Each structure stands twice: as structure tokens, then as C-alpha cells.
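Visitor: I have a structure open and would like to learn how to read it. Can you take me through a few features?

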Amino acid sequence: MEALKRNNVTVKGNGSKTLLFAHGYGCDQNMWRFITPAFEDEYKIVLFDHVGFGAADTSSYSLERYATLQSYAVDILEICEELNLKDVVLVGHSVSAMIGVMAAILEPDTFSKLILIGPSPRYINDEDYTGGFTQEGIEGLLASLDSDYLNWSTTMAPVIMGNPDQPQLGQELAQSFCRSNEMVAKDFARITFLSDNREDLRNLKTPTLIMQCSEDVIAPLSVGEYMHQNIPNSKLVVLKATGHCPNLSAPQETIAVMKEFL
């Protein structure tokens, strides 16, 4: 059971249908702790850590193996194969939303629905596309991350989290960043923030819920609208929640929107 060990897979819950939760950059499966209890009576819950994060086995990491986001999608498909999962509802946060999209394009029969929280197919603005960042802005962000990862983590985490009225959440995210494998985190950041998966969206056939926070410095509203316009069978819900991590800052609203879609 190589994938289960590699990705520190946790399985719980009482249902026959599966909810598979994929965490965002610098996080781990613990970031879903406010969400999963609401679904454990009706669903099988599958949680995991991406390689380099949480308690995943980092010894299996190489930049050659994990050179693209699609490599992480393959990890998800291997988890599904080893657990013999079908008709999976994948819940992906941030970069894992796009990883989930790629997994569903590669093996559409594995997934019945996708729930994408704060997704972005491209972070850098283009001629007719507003991703939220300039090319220079992303290059500066990556340079700062490369030069002093720990300082970048403590500075950026509260900005990403938003919700200054809940400072403990920004602190938790910073601590999560700092626990990550620094080499992997730097590689993963570069892959994430330089990715452009806009063309993939039209190839997605799985029914998809896009959950967009009303104010999000990482994935502005324009990105959620673009995703909705370009994914054929999709629904966009703009949350009252702000920041990039409503699974932590607004779990009850997040749960309610998920349950309505399911």
C-alpha cells in the first residue's frame, strides 16, 4: 500500500460514498478538522498529506517526480486505486482544487463531483484574464520565499488567511508553513504560482462546485467567475467568508454550501 503510506492517508466515517479532502499549499490534513465531523455519519472520509507536507513520506520526493501539478494528481489517483474508491467527491482547497481538476480529467470515472474552494487556474494576470498578480509580483514573492522561507511564512500566512479578527488562524497557518519541508515547499510554490491550467478547464466533465470567498488576495472574485464560465457543468457560490481558508475561518458556512451541493 505504497500511496497510503507515502501520503499518510487517514480513513474514517461511516458512509459508503467517499469524500476525499485535498489540502492547500503549506497545509496538511489537519486543516479539515472543522469540516469533516459534519460528514462522518453519511460519508467515508479520506484525508491525506501531499508529499513534503504534514506527515507524508518526504523520502519519496524528487523534483523530477514532482515537476508539475499533474504529478500530485497522480498521487490522488493512486490513493483512490489502493482504497478501491469509486464515485468519489473530491474536495480541493487552493492549489489542490486544480490538482483535483487534473485528476478528474485523467480518470473521470473515479469522481462523481468536485468541490473546489478558492481555486485558481493561473495566478498571473494576462491580456484578458485577471489572476490577481503581475508577473513581477509573483517573481518577487518567489524570490522572497527562496531567500528566507521562515520569514516569508510568518509574514505571508496572516495575509493569505485574512480575518485579522481571528489572529490565531494566521498564526496556525504560519506554523504549518514552517513545519513543511523547506525544499519541497519552495519547489511546490514555484510550480503552483507559475502554473497556467486555463486550457484544462474545458476538458473537465465532472459536476463542479466552485466556492469563492468574497475577499481573497490569492484568488479574487474574477478568478472564480472565470472558472465558472469555463467549466461546462459548474456552479459558483460566493461566500460571505473572507480570506483564502474558509475551511478554518468560516467552517459552518463552508459546510452548509457543501451539503446543499451534495
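Guide: Start with contacts. This is a predicted model. Leaving aside neighbours within four places in sequence, R190 is in contact with L142 and D146.

Visitor: Where does R190 lie?

Guide: R190 sits in helix α7, residues 182-193.

Visitor: Is R190 buried, partly exposed or exposed?

Guide: Buried means under 20% relative accessible area, and exposed means over 50%. R190 has 37% relative accessibility, so it counts as partly exposed.

Visitor: And Y72, buried or exposed?

Guide: Y72 counts as buried, because its relative accessibility is 0%. Y72 belongs to helix α2, residues 69-82.

Visitor: Which residues does Y72 touch, not counting those up to four places away in sequence?

Guide: Y72 touches H50, V51, Y61, Y66, I99, V184 and F188. Take H50: 22 residues separate Y72 and H50 along the chain, yet their C-alpha atoms are 7.4 Å apart. Now try R190 and G224. They are 34 residues apart along the chain, with 22 Å between their C-alpha atoms.

Visitor: How do I read a sheet?

Guide: Strands of a sheet pair through backbone hydrogen bonds, either parallel or antiparallel. Here, 7 strands form an open sheet with mixed pairing. Their order is β1-β3-β2-β4-β5-β6-β7.

Visitor: Which strands stand at the edges?

Guide: β1 (10-13) and β7 (234-242) do. Each has a single partner strand, so one side of each is left without a neighbour in the sheet. From one strand to the next, the twist averages 20°.

Visitor: In what sense do β2 and β4 pair?

Guide: Strand β2 (residues 17-22) and strand β4 (residues 88-93) pair in the parallel sense, over 4 bridges. For F21, the bridge partner in β4 is V91.

Conventions:
Residues are numbered from 1 along each chain as its sequence is written. This is a predicted model: local features need pLDDT of at least 70, side-chain atom pairs count only at pLDDT 80 or more; totals for chains, interfaces and linings use all residues. Side-chain values use heavy atoms; hydrogens and water are left out. Helices (H or I, at least four residues) and strands (E, at least two) are DSSP runs, numbered from the N terminus. Buried means under 20% relative accessible area, exposed over 50%, partly exposed in between (1.4 Å probe, protein chains only). Contact means heavy atoms within 4.5 Å. Two strands pair if DSSP finds at least two bridges between them. Axes are lines fitted to C-alpha atoms, for helices over the stretch in contact, and angles run from 0 to 180 degrees between N-to-C directions.
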